[in-house]
Amino acid sequence: MQKDNKRVSHLKKAAVLCLTALAMNVSAQSIRHYETQVNDFKLLRSASLAKYTQQIDQQYNLHTPYNEDFIFVNKDRTAHLRLIHHPGDGKYQMAGFEVRKGMPDADESYYSTLSDKTFITNNGTMLGLSEQDIINIQGKPQEIIQEGDYKVFYYAETEAKSSFLQQYNEAEYVIEYWFLNGTLTRFNFGFIYP
């Protein structure tokens, strides 16, 4: 039950940020580089997760359920990666990724540890980059949102004619880069469930 509540909480936070950005009239500027992968994991590609599922099932003595996020911790236990599952997706098709500095919350004890030291995307995004580093990768953000102590760079793709969205048969894609004192401490990207 706690896992379900935590998952709903993450989805609610993402929805609030998306609605906030939409209310601020996000520009139609397209995203320069789509983030689609962290290390070996790829958006909506079951095979990229399949090699880890047997290890996870054995570790927790379960058969991984359909509506479950997966959490991985890096080798040094300084960051974690959450693979987000949306209702209606296939069993191992993850529609969103989130990388955060630090360990998962205390009640999230169902994570697995990877041998990777760093979580890095297909475009070179990783924790510790500066705001200028992200601008160099993505261009200027469509919106900048202040969320408590964090500055969030927001990018979205909602254009129905987008070849990227058509390729994945999805309606909306969002990237958020979270900075604390000018340093990237969290980033998330993926498809938004309608």
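A: The whole structure holds six salt bridges, each a side-chain nitrogen of Lys or Arg within 4 Å of a carboxyl oxygen of Asp or Glu. This is a predicted model: local features need pLDDT of at least 70, side-chain atom pairs count only at pLDDT 80 or more, and totals for chains, interfaces and linings use all residues. Residues are numbered from 1 along each chain as its sequence is written, and side-chain values use heavy atoms, leaving out hydrogens and water.

Asp76 lies in the loop between strand 3 (70–73) and strand 4 (79–84), and Lys117 in the loop between strand 6 (112–113) and helix 3 (131–138), so the pair ties together parts 41 residues apart in sequence. Helices (H or I, at least four residues) and strands (E, at least two) are DSSP runs, numbered from the N terminus. Asp76 is partly exposed, at 40% relative accessible area; Lys117 is exposed, at 54%. Buried means under 20%, exposed over 50%, partly exposed in between (1.4 Å probe, protein chains only).

Arg82 and Glu98 also pair, at 3.8 Å, N to O. Arg82 is in strand 4 and Glu98 in strand 5 (residues 96–101), so this bridge links parts 16 residues apart in sequence. Both Arg82 and Glu98 are buried.

Glu131 meets Lys151 in a salt bridge, with the closest N and O atoms 3.3 Å apart. Glu131 belongs to helix 3 and Lys151 to strand 8 (residues 150–157), so the pair joins parts 20 residues apart in sequence. Shared partners join Asp69, Arg82, Glu98, Arg100 and Arg186 into one salt-bridge network.
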